[in-house]
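Please keep the sequence and the 3D view open while reading.

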Amino acid sequence: MSILVSRASRVLVQGLTGREGSFHTEQMKSYGTNVVAGVSPGKGGTTQLGVPIYDTVVDARRDTRADVSGIFVPAPFAADAIMEAAAAGIGLIVCITEGIPLYDMVRARAFVEDAGVRLIGPNCPGIVTADEAKVGIIPNHINRAGSVGIVSRSGTLTYEVIQGLSQAGVGQTTSVGIGGDPILGLSFKEVLALFKADGATRAVILIGEIGGSDEEAAAEEVLGPGFGKPVIGFISGRTAPPGKRMGHAGAIISGNMGTATSKVQALQRAGAQVCDTIEEVVAAAGAALGQPSSAAHR
Amino acid sequence: MKFLEYQVKERFKAAGIPVPDGRLARTPDEAALAAGALGPVAVKAQVPVGGRGKAGGIKLARTPMDAKRAAGEILGMTIKGYPVREVWCETAQEITHELYLGLTLDRDARKPVLILSAQGGMEIEEVAEHHPEAIAKLHPDPWRGPLPFEVRDLIFRAGLGPLQAQLGPLIIKLYALARTYDALTLEVNPLALTRDGGLVAADGKLEIDENAMFRHKDLHGADESDEDPIEAEAKRRKLTYVRLDGSIGVIGNGAGLVMNTLDLVQREGGRAANFLDIGGGAKAEVVHSALELLASDPQVKGILINIFGGITRGDEVAHGIIDASRELNLKLPLVVRMTGTREEEGRRLLQEAGITPEASATAAARRVVELAATGQR
């Protein structure tokens, strides 16, 4: 078991013929992902990387029954691509694109909500279910199958945690990067609820960062005694000076909500073990599973 | 992109939001002329930061001579690092009450939010903190915008019912303006109620979403070249850079990873000189450009590059590092940690060039702090 994607997922890539789209489709395929179609308007009828290309998502879905879409479309067109996928009946949309105008995103977000579709991202690294399927850009070789679920707002920090765990012999079920933008699809809350319900996931790691209050909301609404699985938390940006923007439009401290302290305390109140470094996160995950994690497992 | 007050007011005026009459002055004589034409004026420093009043950047002038003197004092001031080159002289208002009207994006609700309060003015943030009930909010549907009845409801909730005939259309115009300009923030504070019962935008703030700049190529906002020279240079190079006060230059990919690198540097006893995120998929030129920027900063005593490649490829980054350190004849200690996509190629290239990558981010942070302290290469 796992969450969101599996061996059975039939994956479509919007923007497959572009530079990033083709590079990462190749990586996704080599990970074993069942990539069934690509969409690039104007290139329908061609084939790339052995994958049939369609002009529209509707055409691709009719022919291939794709149920997951990964989006690598340039930012000015990405919100439209998200809505095209939702309108065509794709159940899970993973948008990797960075730099989408925020008004475009608030509209796309409202659109997918009305369509009852799950959106991950944008500006995210995507999802990997270890040894089964990958939609996005998380490097292939760092993943290892096991029983820890990961949900994170940061892309590269997610890789850091996955690699640390794998090197320590602690495998993962599914790793989900929810993205760093202010306007996102799924938040920590929804992904944690999925992990709670997943039988294969025995412990969960939450990687948050300063800004917004999704970590606090997740701690208050989903975590706590009823969660039933150990949760290990980590918050980056603890030494960032207040009021400075650190690149992610999202990582803005405003008022007391959104500070590292507020997030750490909310997680601790909900019973999560909050760690200071990625190394500690890895050790805590190993301990939570009763696995002595050490470099000896490499 | 940020705008100066007078630039925002020009847009308010064009959108039908009432503003006081005003003129821009670049010299004390121009300010005197403006006061001659307008009567008693407020002479206001034009800088893209708040707190101008407290810094002495706003003065009232009853006569052209007063205006000349006031402009003479304000022009040439430096407010939060910004030299004042222009003043906006506008008809002094007889304000009886200050309201607050603003629009921003509410990340928790994932929607735009209109904010209205009867208690506007400089202390609005304190009002928000201590009297949240005095702040009324409306999350308009992003597809259709606020409807008149929703706006009326907002106005009544803010306790401003008697002003609804004037306020309603003004709020709808403000929302339309925000959409036109992809505004992350559009604020009228104070929205002044004058003695004659009119509403006028006494001050305005506009900040445009950088992601949407491709739709606004013709716009020119506040000249921010007066800020920190390295920050200005970073902006020209299109790098995401924030100046900090330490001595370790930090380059990484991904905001979360870079923030964590700053945290690690501090844990190891150092302090970062900056935040610099080369973003996803950076090519060798971007790495080169980032390294060149940090090398030009006299505050930097050592550089730490922390790359975890996903969409970013190790070999690209390695080429950037190697070319830049050769070309710049870099004398500063340089510590690299690289892993992820194409890490083998990247690490091999670095090693061939005499740069040994560190095994972990923690080890790299420790090493750069040590080297910077002793000044070793």
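Leaving aside its neighbours within four places in sequence, which residues is A:Ala266 in contact with? They are A:Glu215, A:Glu216, A:Ala219 and A:Glu220. The model is a predicted one.

## The surroundings of A:Ala266

A:Ala266 sits in helix H8 (residues 260–269) of chain A. Is A:Ala266 buried or exposed? A residue is called buried if 20 or more other C-beta atoms lie within 10 Å of its own. A:Ala266 has 23 C-beta neighbours inside 10 Å, so it counts as buried.

A:Leu223 is 43 residues away from A:Ala266 in sequence. In space, the C-alpha atoms of A:Ala266 and A:Leu223 are 9.9 Å apart.

## Two domains in chain A

Chain A is assigned domain 1 (11–120) and domain 2 (138–291). Taken over C-alpha atoms, the centres of these two domains of chain A are separated by 26 Å.

Where the domains touch, eleven residues of domain 1 of chain A are in contact with eight residues of domain 2 of chain A. On the domain 1 side, helix H1 (19–30), helix H4 (102–115) and strand S7 (118–120) of chain A are the elements that give two or more residues. H4(A) gives the most to this side, with five residues. By class, the residues on the domain 1 side are seven nonpolar, two polar and two charged.

Helix H3 (residues 75–87) of chain A has 13 residues. At 1.5 Å a residue the helix should span 18 Å, and its end C-alpha atoms are 19 Å apart, which agrees. The buried residues in H3(A) are A:Ala78, A:Ala79, A:Ala81, A:Ile82, A:Met83, A:Glu84, A:Ala85 and A:Ala86. They pack against strand S1 (11–14), helix H2 (57–64), strand S5 (68–71), strand S6 (92–95), H4 and S7 of chain A. Just after H3(A) comes A:Gly89, with a positive phi of about 95°.

In soluble globular proteins, nonpolar side chains tend to be buried together. Here the largest nonpolar core has 221 residues, and A:Ile82 and A:Ile93 have the most contacts inside it. Apart from its neighbours within four places in sequence, A:Ile82 is in contact with A:Ile71, A:Ile93, A:Cys95, A:Ala108, A:Val112 and A:Leu119.

## Where chain B touches chain A

In the contact between the chains, 45 residues of chain B meet 47 residues of chain A. Several elements give two or more residues to the chain B side, including strand S8 (111–117), strand S13 (240–243) and helix H12 (361–374) of chain B. The largest share, nine residues, comes from H8(B). The chain B side has 18 nonpolar, 16 polar and eleven charged residues.

## Helix H11 of chain B

Which residues of helix H11 (residues 343–352) of chain B are buried? They are B:Glu343, B:Gly346, B:Leu349 and B:Leu350. Seen down the axis of H11(B), these residues fall within an arc of 135°, so they line one face of the helix. An α-helix has 3.6 residues a turn, so residues three or four places apart point the same way.

The buried residues of H11(B) pack against S16, helix H10 (314–327) and S17 of chain B. The face of H11(B) turned away from the buried side carries the exposed residues B:Glu344, B:Gln351 and B:Glu352. Just after H11(B), B:Gly354 takes a positive phi of about 85°.

Notes. Residues are numbered from 1 along each chain as its sequence is written. Chains are lettered from A and ligands numbered from 1 in the order in which they are written. This is a predicted model: local features need pLDDT of at least 70, side-chain atom pairs count only at pLDDT 80 or more; totals for chains, interfaces and linings use all residues. Domain bounds come from an automatic or database domain assignment. Two residues are in contact if their C-beta atoms, placed from the backbone, lie within 7 Å. Helices (H or I, at least four residues) and strands (E, at least two) are DSSP runs, numbered from the N terminus. Ala, Val, Leu, Ile, Met, Phe, Trp, Tyr, Cys and Pro count as nonpolar, Asp, Glu, Lys and Arg as charged, and the others, Gly among them, as polar. The expected span of a helix is 1.5 Å times one less than its number of residues. A residue is buried if 20 or more other C-beta atoms lie within 10 Å of its own, exposed if 12 or fewer, and partly exposed in between; C-beta atoms are placed from the backbone. The arc is that of the directions from the helix axis to the C-beta atoms. A nonpolar core is a set of buried Ala, Val, Leu, Ile, Met, Phe, Trp, Tyr and Cys residues joined through C-beta atoms within 7 Å.
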